Every structure is written in structure tokens, then in C-alpha cells.
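Here is a friendly note to read with the model open beside you. Take the points one at a time and find each place on screen as you go.

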Amino acid sequence: MTVLFTNGARMNHYQLKQNKMNKQPQPYWDPYICGIGLGLVLLAAFVVMGRGIGASGAMTSLVATGVKTISRSHAEANAFYMGYLGDGTIHPLKDWLVFEVLGVIIGGFLSGFLANRTRIKVEKGNLISNQNRFIFAFFGGIIMAFGTKLARGCTSGQALTGGAMMNVGSWIFMIALFAGAYAMAGFVKKLWI
Amino acid sequence: MNGPFYNYGWIGEEASLIFAVVTGIAFGFFLERAGLGSAKKLSAQFYLRDLAVFKMMFTAIITAMLGVYFLNWFGFLQADMIYLTPTYIWPQLIGGLVFGVGFIIGGYCPGTSCVASSTGSLDGVMNVIGLLAGILLFGEVYPWIEPFYTAGPLGQITIAQYLGLPVGWVVFGIVFIALAGFKVSEHLEKKYANA
């Protein structure tokens, strides 16, 4: 199977089949409508669980579990990992956020599938190669990981959840996030044109 | 019967994990529906071409915030039992700046990178791998940065508590800022549509 890219001319059998059936990707929904939907999901989490939603916390549980699997003593000597491993009575992956993120993957796929948006692709500007896009996506992830761990949460756990709870630290994080991204945007414009 | 249900022991551990998956499905669904599983759409926020990120985020924030405020008002929800992440001014300020830089370089945030991966974006998969590698790096250097990680502690504190204002005033202020922001967003999108 040929790997295909959104900007490339070549198509694989999957895309050809889609074109044949004239199944074009559907337009996105209105962001305000989706925002109300997401807000109600967040509200439901507050009412049912007394906590908000998240994403990076589940990834941290995964990393901490991996470290513990490789070297138990190394993980146990580190307060950061131990914060996600707990006292050992419950498996660290049997965690609310881990299950929630599994749901995010299912929900994202469902929405994309129903709107004909699921296909193997690389999202990027027209000026950079796929290989360079992968490098930037990887290092962007590393940088973002440091940001989210320093701040004790990401766009989900801090900006959305803490934003709605009027949490002081979350608003500091959110304003700094937008400031950092806007300040950097001019330097990496070529990634996205 | 009032919430949070879990805190009052009305739902157990197993049920809470099922609810977690359902919550996640709805969360991922709305992110993808709005186009937030696309790096091009996410990054467009920072070139002012498409402000769907801001619009969706702030609509979600004011919806949930008003919900909590009124459910608490009617006595259906103990808002002060909802978990608040403690505030540490310096790591959260610097963490936010660093996060923003990583966001525009990588094209996703942690939640949207999962959505992108689930719909077949290979760059989304690379971003998730980068995030996992970055978290591991952070964990390994954590003993050296712990003093900064805990700098400027204010505890679990809301804006209303910090400023000594009634909660209703802060709610009103945030709704006002969001609505003004939506109006400005619509204007900017028209102006920078082809930038």
C-alpha cells in the first residue's frame, strides 16, 4: 500500500475507493456548537466525578509504568514517577485519565470515520517535506511535554478544566500558552503555509 | 441527591472507569467534529486565519463554568468539592510559555494529538511519541528541577478567592471577556483569512 499525503497527487487504494464512492470529507461543525458540547461533557465530569478532563496525565501514567517495568528501583527513587505509580495497591494504568484517553481515541476515530475524514495522511504546510514535518512534530512534542509537566496539566487538564473552575494557576498557564505560541508563530511560519 | 456523585460514594470504582471511557468518547468526538484533530486548523489559530481553537475553548469554558455556578446555586452540586490543581505561579507561567512554543512547532496539544493519531495523521503519531519521550526526559531530570517545580505556591485557589471578590462577579467578568473575544475573533478571521 502506498502511503499517501494530503498534498500529494498519488492515491492509495483506500483513497481511490473513497473517491469512487464519492465520499468526500464532510465539513467541520461550528466551533461554538462543539464548544457547548465539550462544555457539557466537562460539566458532566465535574458533577459525576468531582474532577475535570485531561490528556497528558494519562501519557505520564504510561511513561511511569514503563519506567517501573524496566527498573523498579529507579522509578521508586523518583518522586515524579511515584506520584503516578501510587502505593502499588492499584495498577497505575487502572486510572480514570487512562480510561478517559482511551475514550478520546475511540471518540476521535468515530467522529472522523462518520465524516469520511479517516485516512493515512501527514498534516503540514506546503513548503516542508514529510520527513521534516515528522522531526518538528517529534521535537514539538518533547518541548510541549516539558511545558505540560512544569504546569501540572495541559490544554485539557489546566486550560479547559481549570479555566472553567476559575483556577488561578490554570489562567496563568492559559494566558502564557497563547503568549508563547503567538510569540513563536512568526519564526515557524514556513511549517504551516 | 447532589454532586459530585463519586465524592459522595454514589458511584463505585468500576462505574467511574466506564464513565471515564464515555466521557473520553464524547470529548474526542467533539474535538474531531470541530476540526481540532487537524494540525493545519490548530496552527491557523496562531496566524489568525481560523480562530476555531479559541472559540471552542472559550465556549466550553463558559458553558461548564456557568453550569457549575448555577448547579451550585440551586444546591445540586458542591462546587467546592471539585478538585482544583494547586497553583504554583512560576512553573505554571514558564510551563505555559514552553507549552505554547511546543504547540506551534508540533502542531498539536496532547489531547488533539491523540485525536489526530486516531484519524490516521502520521504527524500526530510522531507528536505522541515526542510527548512520551519528553515526559520521560522530564521525569529523568525531575530531581534537579524540583525546586523550580514547586516555586511560588499559592495552594488550591480560585480567582474569586485570590481577588477577594464574589464568585458571581468573576463568572460575569469571564463571560464578558469571552463574548468580547468572540466578536474580535470574527473580525480577525475576516481580516486575516488569506494571510
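1. **Before you start.** This is a predicted model, in which local features need pLDDT of at least 70 and side-chain atom pairs count only at pLDDT 80 or more, while totals for chains, interfaces and linings use all residues. Residues are numbered from 1 along each chain as its sequence is written, chains are lettered from A and ligands numbered from 1 in the order in which they are written, and side-chain values use heavy atoms, with hydrogens and water left out.

2. **The fold of chain A.** Chain A has nine helices and zero strands; helices (H or I, at least four residues) and strands (E, at least two) are DSSP runs, numbered from the N terminus. Read from the N terminus on, its elements are α-α-α-α-α-α-α-α-α. Of the 193 residues in chain A, 54% are buried, where buried means under 20% relative accessible area, exposed over 50%, and partly exposed in between (1.4 Å probe, protein chains only). Among the contacts in chain A with a separation of 6 or more, 59% link residues 24 or more positions apart; a contact means heavy atoms within 4.5 Å.

3. **How the chains meet.** In the interface, 122 residues of chain B are in contact with 112 residues of chain A. Together the two chains bury about 10700 Å², with 76% of it on carbon and sulfur atoms. Buried area here is the accessible area (1.4 Å probe) that two parts lose on being put together, summed over both.

4. **Salt bridges between the chains.** How many salt bridges are there between chain B and chain A? The count is three, a salt bridge being a side-chain nitrogen of Lys or Arg within 4 Å of a carboxyl oxygen of Asp or Glu. Asp123(B) forms a salt bridge with Arg133(A), and their closest N and O atoms are 2.9 Å apart.

5. **The largest pocket.** This pocket holds about 1300 Å³ of space. On a 1 Å grid over the protein atoms alone, a pocket is an open set of points with protein on both sides within 12 Å along at least five of seven lines, whereas a cavity is a set where a 1.4 Å probe fits but cannot get out; lining residues have an atom within 4 Å of a point. Grid points are joined across faces, edges and corners, and a volume is the space filled by probe spheres set on the points. The lining has 47 residues, and nearest the centre lie Arg51(A), Gly83(A), Tyr84(A), Asp95(A) and Leu97(A).

6. H5(A) gives the largest share, five residues. By class, the lining has 20 nonpolar, 20 polar and seven charged residues. Ala, Val, Leu, Ile, Met, Phe, Trp, Tyr, Cys and Pro count as nonpolar, Asp, Glu, Lys and Arg as charged, and the others, Gly among them, as polar.

7. **The cavity.** The structure holds one cavity of 30 Å³ or more. The largest cavity has about 150 Å³ of space, and its 15 lining residues include Thr155(A), Leu31(B), Leu36(B), Met57(B) and Cys109(B), the closest to its centre. H8 of chain A and H1, H3 and H5 (110–118) of chain B each supply at least two residues of this lining. Is the lining charged or nonpolar? It divides into 11 nonpolar, four polar and no charged residues.

8. **Backbone details.** Arg152(A) is not a glycine, yet has a positive phi of about 70 degrees; look for Arg152(A) in the loop between H7 (130–151) and H8 of chain A. Arg152(A) is buried, at 18% relative accessible area. Leu48(B), also not a glycine, has a positive phi of about 65 degrees and sits in the loop between H2 (39–44) and H3 of chain B. Leu48(B) is buried too, at 19%. Finally, a cis peptide bond joins Gly3(B) and Pro4(B), with omega about -5 degrees, and Pro4(B) lies in the segment before H1 of chain B.
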